[in-house]
Amino acid sequence: MSRRAAHPERRGWPRVALALIGLNLLLTISFSANLPWVRPTATVSPDLLLLVAAAALLGGLSAPRGGRTLLALLLLAAASARIAGLIALELLGRPLDPAGDLPHLGAVAEMLGTVTPALTLGVLLPLAALLLGGLLLLLVRALGVLTDAANGFGPRRRVGFGVAALVLLLLPGLSPPGGSALLAGWRLAAAPLAEPAAVITDPPLPGVPDLGGADFYVIFLESYGVAAFEDPDRRPALEAAAERWAEDARAGGFDYLSAQIQSPTFGGGSWRAHASLLSGVWVEREALYRTLIESGRVSLVRLLGAAGYRTVAFEPGIQGAWPEGAWYGFDQIYDRAGIDYRGPAMGWWEVPDQFTLYALHQREIQTATRPLFAKVSLITSHIPYWPVPPYVTPWSRFDAGTAYEGPLRSVAHDDYRDLAELSERYLTSLEYQFRIVGGFLRELAPRPALVAVIGDHQPPKLSLHDSDTWATPIHLFARDPGLLEPWTERGFTRTLIPEAGTSWRMSDFPHDLGRLFSGRGPGGAP
């Protein structure tokens with residue numbers, strides 16, 4: 001007797017199961033800053049359950065191939081929107097903000113394109129296009145399998161499957177991280193591309209701080225967050241670098257205090273942190289930033305300028321027009337071209353931070369005839385963190401053109417950089433920053449000065465994992481005790497590794513500066 005042929009429904013079950021698993025994987029996959037970056041989850045997509053219910057209850061209405069293609073495009077776009085939201089949460093510690101984030105995608109793409117080897121881009125871009133095209137074809141095929149299966153069932157069985165899918169939809173424990181892809185896509189599509197105008201409610205700055213004629217330097221270290229000290233495996237190396245920094249400061253005659261301060265941004269958006277600290281406004285959104293720089297509010301820079309300070313900014317990361325810089329009111333802004341570095345390019349940013357500090361000394365400090373306020377941005381610790389230049393000594397080698405003699409392979413980007421090494425390279429870049437700021441204090445800052453060294457925000461989580469803190473270190477250096485002692489009431493202690501958490505915000509700093517030094521000179525005398 002011949003073996004009985006399998007029932008047509010049974011022969012189709014493997015295809016149906018494969019289609020369901022594939023669709024669920026696409027709609028529930030998670031993103032992590034740790035390798036592997038994308039990974040499956042033991043969850044069920046609410047979107048898939050709705051599709052199953054619709055296919056089961058309306059299975060008699062077969063969708064044409066064109067309709068399945070449109071639905072596949074919709075699902076692929078929704079899955080992409082959901083993953084984009086997860087990436088924002090994982091890397092930036094906040095939800096995706098189309099109005100604030102989209103205007104900067106071009107600059108990010110340009111930076112990554114510059115620091116990524118051409119061969120790597122030539123391979124990755126076609127692979128990405130093939131992947132998207134392949135996913136679309138597989139989605140169309142999977143939807144066709146589900147439609148055919150639904151049409152092959154009788155009415156009673158279709159109703160059973162539809163009801164089961166709806167019951168599962170009511171169980172919240174099955175939902176994946178990021179929730180529904182269709183809802184994520186809807187939220188992204190409905191989000192305004194421009195935020196409504198924001199209203200500034202912070203009080204104006206209290207007045208001009210009296211630093212007794214001392215210079216005032218605000219040095220931002222890019223992506224320098226409290227999280228840098230939280231990795232127990234890498235902390236010893238950073239502690240050693242901080243101790244050398246302290247030794248350099250003491251050798252230059254500087255004492256120091258440190259604390260933690262909350263940044264208004266995480267993983268990026270440096271300009272909002274800088275604006276908060278120099279305006280006294282908590283610039284937590286892009287709309288507030290736009291409102292601030294279009295307002296008549298007086299910045300700390302303008303207050304110091306009115307008090308007789310020469311005010312300058314050294315911004316090697318500014319590579320083009322910076323019209324919003326006019327709001328601050330600097331006497332002069334040195335951008336990448338203005339700093340006039342002529343050595344080998346150090347990656348996307350080109351200008352090594354040590355040269356930026358040297359240019360500050362040569363152009364402004366040693367020629368100053370009145371008190372000087374300088375805002376400086378040091379950018380080696382901004383992603384992608386390489387190349388990290390060697391420390392140049394003596395600094396005068398920059399004048400002689402011999403600062404970087406010998407081969408510098410990393411400068412030419414001829415070594416492949418694995419993103420898995422980002423944590424190590426990030427901490428190496430901070431060691432460099434500590435070294436050059438220490439050298440600056442030891443050798444190039446002879447005048448009476450208050451030096452504030454501040455991290456503007458945490459690095460992206462891709463660089464340091466599993467930290468959600470928005471706090472950054474702030475260090476104050478001065479030779480005059482009177483410029484440091486008032487800060488102890490704000491929780492500053494004599495260390496370069498501040499441990500205690502804080503609710504103190506960057507926008508509080510200029511208010512406290514004006515309050516603590518209102519009519520007070522060096523030594524704390526009124």
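Me: What makes strand 3 and strand 8 a pair, and in which sense do they run?
Reply: Two strands pair if DSSP finds at least two bridges between them. Strand 3 (residues 215–221) and strand 8 have seven bridges, in the parallel sense. One of the partners is V451 in strand 8, bridged to Y217. Strands here are DSSP runs (E, at least two residues) and helices are DSSP runs (H or I, at least four), numbered from the N terminus. The model is predicted: local features need pLDDT of at least 70, side-chain atom pairs count only at pLDDT 80 or more, and totals for chains, interfaces and linings use all residues. Residues are numbered from 1 along each chain, and side-chain values use heavy atoms, without hydrogens and water.

Me: How many bridges join strand 8 to strand 9, and in which sense?
Reply: Five bridges join strand 8 to strand 9 (residues 471–478), running antiparallel. V453 has H475 in strand 9 as its bridge partner.

Me: Why is strand 8 called largely enclosed?
Reply: Buried means under 20% relative accessible area (1.4 Å probe, protein chains only), exposed over 50%, partly exposed in between. Seven of the seven residues of strand 8 (residues 449–455) are buried, so the rest of the structure largely encloses the strand. A449, V451, V453 and G455 point one way, L450, A452 and I454 the other.

Me: Why are helix 9 and helix 16 called roughly parallel?
Reply: Angles under 35 degrees count as roughly parallel, over 145 as roughly antiparallel, 65 to 115 as roughly perpendicular and the rest as oblique. The axes of helix 9 (residues 235–251) and helix 16 (residues 422–443) cross at roughly 10° and come within 7 Å. Helix 9 and helix 16 are therefore roughly parallel.

Notes
Axes are lines fitted to C-alpha atoms, for helices over the stretch in contact, and angles run from 0 to 180 degrees between N-to-C directions.
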